[in-house]
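Colleague: Please take me through this model, beginning with the terms in use.

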Amino acid sequence: MEEPQKIGAVLVVGAGIGGMQASLDLANAGFKVYLVEKGPSLGGVMSQLDKTFPTNDCAMCTLSPRLVECGSHLNIEKLTYSEVQSMAGGPGAFKIQVRKKARSVDTAKCTGCGTCMSGCPVRNTIQVPEPAQELPSEESAAIIAVTDEIMERCGRDKQQLIRLLQEVNSRFNHLQPQALKRIADQLGLPMAEIYGTASFFKSFSLEPRGKHVIRVCMGTACHVRGAQRVLEELERRLDICTGQTTEDRLFTLDRVNCLGACALGPIIAVDEQFHGQMSPAKVPKLLDQYLEQESA
Ligand code: FES
């Protein structure tokens, strides 16, 4: 019997492990594949993982062969840093518009050496936020006194900038603008450089954080055991979305990818304390515990 003729092309959206495998299967079956990925490279979340649940397999060992094969397959056209804009038509005759974002890099010449980062103009044009409001002079003096004490302890040295920011972040629960201004003045650094460093690290916050930071693990092990429901219950009880802080500045709600205690999942951490085998029903009791501490 004659093989049916393969016609047309296939579009796969997302170049994570699933998208890559689907593209390879289709390309090997004779289809032309357009693989669209909104990130700048193939691999998706799996490329950021060390091990995978539940087998503890090395993530890169699973991913690398597919990356290489996808990267060099003649039937797969990679459209990275791109997004689907619109879709029209029906089965067999889809018309899809894809928006390709500017990379400002010649991908044919790029070797991934990273040298361009040191000359990147974006670092020098960082927007420095305006100080939120003028503080009363006593409050302002107290912030300067605390900042001076931190600088005395850590050293008035540009090399110590990250350590100084860590101290300010933990002392004020965020990078207090006046403290940053004091550091910039004392070290003779432009505010753009301070904010450039501050905004590079995820552990720093430019917004005031709550007294207690709740981190909900959304890693695979916790996710399959219902972490999403725990997160939703926390959002509902605290009346905030993930990443926000309650009005009374008591709680900030965050999500993380793995807290390193997968066997106890779903797990959440309140400050440094872990609470394992969480469920939506346990959320009110846990929050009450902290509210009682506060009122005491
Ligand atoms: S997935 Fe590892 S602690 Fe949640």
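Modeller: Contact means heavy atoms within 4.5 Å. Axes are lines fitted to C-alpha atoms, for helices over the stretch in contact, with angles from 0 to 180 degrees between N-to-C directions. Helices (H or I, at least four residues) and strands (E, at least two) are DSSP runs numbered from the N terminus. The model is predicted, with local features needing pLDDT of at least 70 and side-chain atom pairs pLDDT 80 or more, while totals for chains, interfaces and linings use all residues. Residues are numbered from 1 along each chain, and side-chain values use heavy atoms, without hydrogens and water.

Colleague: At what angle does helix 8 run to strand 8?

Modeller: Helix 8 comprises residues 227-238 and lies across strand 8, strand 9 and strand 10. Its direction relative to strand 8 is about 150°.

Colleague: Which residue in strand 9 is the bridge partner of His212?

Modeller: Strands pair if DSSP finds at least two bridges between them. Strand 8 and strand 9 run parallel and are joined by 6 bridges. In strand 9, His212 has as its bridge partner Phe251.

Colleague: With which residue does Phe251 form an aromatic pair?

Modeller: Rings of Phe, Tyr and Trp (its six-membered ring) pair if their centres lie within 6.5 Å; planes under 30 degrees apart are stacked, over 60 edge-to-face, the rest tilted. The structure holds 1 aromatic pair. It is edge-to-face, at 6.5 Å centre to centre and 80° between the planes, and the partner of Phe251 is Tyr290.

Colleague: Is Tyr290 buried or exposed?

Modeller: Buried means under 20% relative accessible area, exposed over 50%, and partly exposed in between (1.4 Å probe, protein chains only). The relative accessible area of Tyr290 is 4%, so Tyr290 is buried.
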